[in-house]
Amino acid sequence: MKCFKRCFNTSSISLAKKVTTKSKTSGSNNALLGRTSSKLSVGIVGLANVGKSTFFQAITKSLLGNPNNFPFATIKPEEALYRVPSSKLISLSKIFKSSKITPSYLKIVDIAGLVRNASKGEGLGNQFLADIRNVDGIFHVVRGFDDDTVTHVEINVDPIRDLEIVNDELLLKDLETVESAMERNKKDMNKQNLRVEMIKENEVLEKINDILFENGKLSNYLEWNEDDVKVINKHKFLTAKPTVYLLNVSKQDYESQTNKYIEGVQNWLKEYSPNDKLIMFSADHEHEFVNSEESSPIINEMVLAMKDSLNLISYYTCGQIEAKEWNIKKLSTAPEGAGLIHTDLQKNFINVLVSKSDKVIERQDELKDVADVEKAIRFDRHGKDYIIENGDILIFKAVGGKTK
């Protein structure tokens, strides 16, 4: 990834303060980048014609998308829902003898392919970058197979170059965002009621500028505190979006789990985006699952990796009528979890009964013949300050006798 001193006008940006680029440490910060919503979306991103639409069809088991052998086959983004795999939900439905099983879903968006200089409007650049701004996470597809019959917009196959083209465009767009934001903030500096807020925001914007401009790193490279995160989330920086990198290889390479490009890609990620994940797959291989009832193990792995990157966890509501999995952002409180089900449950929240799914599943043989499973399971009562944990089985209590 290049340094941007020579290719971007920063005349209006103050660079007085520099930051040390230390990568973040997992679990050390309670501030989470991105929207607090649990209905998050993921965009499939990459250079034009690298297998994004073929992957989209495979992941959504649909004939949506446009997997043709020429650039810009996809123009308007396609959307579909992917059922998040959950063996735990299946086990709970059997224990509670549920008549209905309702899984959680993740919205997947197939975004038009990018070319060099997209940030200057080349190809479908402005549309591409706007579509990325609207999603919460990124599946970045990178070509890692040699095939003369499949056109490459950069003539030859070079995954590192392709990674840098895409991420450089995101960096340049974010630098434009920084410059524009700081220019706007100048106008508010003279307003006494906004001055302190604008000074703090500009400090964060300068940090973003340093990490992008001086070091060529992505803005999700650093650990950010709660005040920083508020600013980053406000401006929807493209380089702050969690990314799962997907190296698209040939069927033969996927089956042998070898690829001549993967070590170079791994080394690049260690340097520029060490907090993101890399998964090797074959779009052609996965496309065979489109018309199959069988789920692809590697696609399930991708979706679960993205769910983790988006800081989503699961809680469950279980009973004889229905067993349901709910996606919710980490660090969410019990009332926020209740609000996913119905706003009235959050508004009139009294308390929540909590049991741990792992402990319940451990007892599944013992509970097999129990008539009223809910009464046989221990639930602990908690108030509005309870932070939902991954795998919780929850029963919400609200004013007016409402229970869910």
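Which residues in α4 meet which residues in α5? Some notes on this predicted model, starting with that pair.

1. On the α4 side you'll find Leu-171, Asp-174, Leu-175, Val-178, Ala-181, Met-182, Asn-185 and Asp-188. They meet Leu-194, Arg-195, Met-198, Glu-201, Asn-202, Leu-205, Glu-206, Ile-208, Asn-209, Leu-212 and Phe-213 in α5. By type, this contact between α4 and α5 splits into 11 nonpolar, three polar and five charged residues.

2. Now the geometry. Helix α4 covers residues 159-188 and helix α5 residues 192-214; their axes come within 10 Å and cross at roughly 160°. Because an angle over 145 degrees counts as roughly antiparallel, α4 is roughly antiparallel to α5. The crossing of α4 past α5 is left-handed.

3. On to the sheet: six strands, open, with mixed pairing, in the order β2-β4-β1-β5-β6-β7. The edges are β2 (78-83) and β7 (277-281); each has a single partner strand, so one side of each has no neighbour in the sheet. From one strand to the next, the twist averages 25°.

4. β2 and β4 (residues 105-110) run antiparallel and are joined by six bridges. Arg-83 sits opposite Tyr-105 in β4.

5. Two helices to check against the sheet. Helix α1 (residues 52-60) packs on it and touches β1 (41-45), β2, β4, β5 (137-143), β6 (243-248) and β7, with its direction at about 160° to that of β4. Helix α8 (residues 262-272) also packs on the sheet, touching β6 and β7, and its direction makes about 165° with that of β7.

Definitions and conventions. Residues numbered from 1 in each chain as written. Predicted model: local features only at pLDDT ≥ 70, side-chain atom pairs only at ≥ 80, totals over all residues. Heavy atoms only, no water. Axes fitted to C-alpha atoms, helices over the stretch in contact; angles between N-to-C directions. Helix = DSSP H or I, 4+ residues; strand = E, 2+ residues; numbered from the N terminus. Parallel < 35°, antiparallel > 145°, perpendicular 65-115°, else oblique. Left-handed = near helix turned anticlockwise from the far one by under 90°. Contact = heavy atoms within 4.5 Å. Nonpolar A, V, L, I, M, F, W, Y, C, P; charged D, E, K, R; others polar. Pairing = 2+ DSSP bridges.
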